Amino acid sequence: VSPLIALMKDQVDGLVRKGVPATMINSTLSPAEQTERLREMSAGKFKLVYIAPERFRSGAFIRALKGVPIALVAVDEAHCLSQWGHDFRPDYLRLSEALEVLEHPQTAAFTATATPEVRDDILKVLKLRDPYVSISGFERPNLSLRVTHCEGHREKYARLKDLVETHRTGIVYCSTRKKVEEVSATLSSMGVKLVAYHGGMEDKDREWAQNVFLDRSYDVVVATNAFGMGIDRSDVRFVAHFDVPGSIEAYYQEAGRAGRDGDPSECELMFNFADTRTQEFFIDGNNPGADVIRSLYAVVRRLSGAGNEGVLLTINELTETLNLKNSMQVSSAISHLVRSGHFERYDVPGERARGTRLVDPSVTADDLPINEEALEEKDRRDRSKLDAMIKFCYDQQTCRQQWILEYFGESDSTPCGTCDICSE
């Protein structure tokens, strides 16, 4: 099970070249193609099948897997299982139901960045029985971690130009799509040959950008965090963060894309406290609160009418209707109501917006069973993660590597000797 749809084909093609019968099932296949793959799996044609987590939304798909002899379920990027992780994906929660239906085949879960509480969450969600837990260590001794305090963008661009001239091959992470476009344009005007990547680009453009970076046609990519999971390029010599990430987990996972060949590599975070406002905006958007959830439900219920025809409004239109400033809150509230079984989403031919309808129109907004304590706890933890990130940036005493290892629960590490603190 892997969320890396963009890379599945490359991974499958590589396995087939090595003589391993492999295939994939994800949203790029038609329903007929998926049915045929399942039939071939039942016939024992494949040794390894990559499946995207959203496939487990379908009870019919899970039941179809019952006819397949499964020796092992391997869950990649397992931190996506935990709502306390930095990249929680609700579709992963359905894996528990799938494993139940499949009568608990042997299961393994893998992640590179999980705090002790996230590791506990993985075990609980997957309902692993008497699991063997192995922690190989978070240390990356070939990475030199640096935090540079920058007064403004001019200073950041000067540092970026120096990193590119010195190290040539690298990834520049930005917090928003708009910032990716701005930084890409500025670096290009400085003579840097690069590609841009963010979630708002067309699929074909994203695939092209990823491919030309992987095949070494381009050596620099400016991207949001949509770029990176599973990127298999070993000679990335630098990773730069133009903006502060929202958590230590996100920062260390992104920084860890440098130096996978084991050679020395530079990871530089360009810190300006004003940039934390963007992360606070994301936290507000990801944690809409019970009032917003109930208000959204009430609006959809009112606009659906007596026949529960559903509502065909864009996220932005719903945001305006609710008089909110952050459209992410509406997206998050819809996801919450879909997960809790109160909303269902449906496609409308020829329309750009997806429809939203009530599962049970008799339920009022006041009747919604919302765990407000859990919502508040998630908001608190998200803000705590950002606070930890800010403390990391301001700490001028502790080795950067030691600081991070202690955050992940390792207390017996020694100074790395190469970070900005150790080399002062």
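**Entry 1: overall**

I began with burial: 49% of the 424 residues of the protein chain count as buried, where buried means under 20% relative accessible area, exposed over 50% and partly exposed in between, with a 1.4 Å probe and protein chains only. I note that this is a predicted model, in which local features need pLDDT of at least 70, side-chain atom pairs count only at pLDDT 80 or more, and totals for chains, interfaces and linings use all residues. Residues are numbered from 1 along each chain as its sequence is written, and side-chain values use heavy atoms, with hydrogens and water left out.

I then listed the secondary structure and found 15 helices and twelve strands in the protein chain; helices (H or I, at least four residues) and strands (E, at least two) are DSSP runs numbered from the N terminus. The radius of gyration is 23 Å, close to the 22 Å of the globule rule for 424 residues, so the protein chain is as compact as a globular protein of that length. The radius is taken over C-alpha atoms, and the rule is 2.2 Å times the number of residues to the power 0.38. Along the principal axes, the C-alpha atoms fill a box of roughly 65 × 55 × 45 Å.

I also looked up contacts (heavy atoms within 4.5 Å). Of those between residues at least 6 apart in sequence, 72% join residues at least 24 apart.

**Entry 2: strand S6**

I turned to strand S6, residues 170-173. Gly-170 and Val-172 point one way, Ile-171 and Tyr-173 point the other way, and all are buried. I recall that side chains in a regular strand alternate between the two faces of the sheet.

For the neighbours of S6, I counted two strands as paired if DSSP finds at least two bridges between them. S6 runs parallel to strand S8 (residues 220-223), with four bridges joining them; Val-172 has Val-222 of S8 as its bridge partner. Four bridges also join S6 to strand S9 (residues 238-241), again in parallel, and there Ile-171 is partnered by Val-239.

**Entry 3: Leu-145**

I located Leu-145 in strand S5, residues 143-149. Is Leu-145 buried or exposed? Its relative accessible area is 1%, and I record Leu-145 as buried. Leaving out residues up to four places away in sequence, I found that Leu-145 touches Tyr-251, Tyr-252, Cys-267, Arg-400, Gln-401, Ile-404, Cys-419 and Asp-420. I also checked Ser-58, which is 87 residues from Leu-145 in sequence and 43 Å from it in space, C-alpha to C-alpha.
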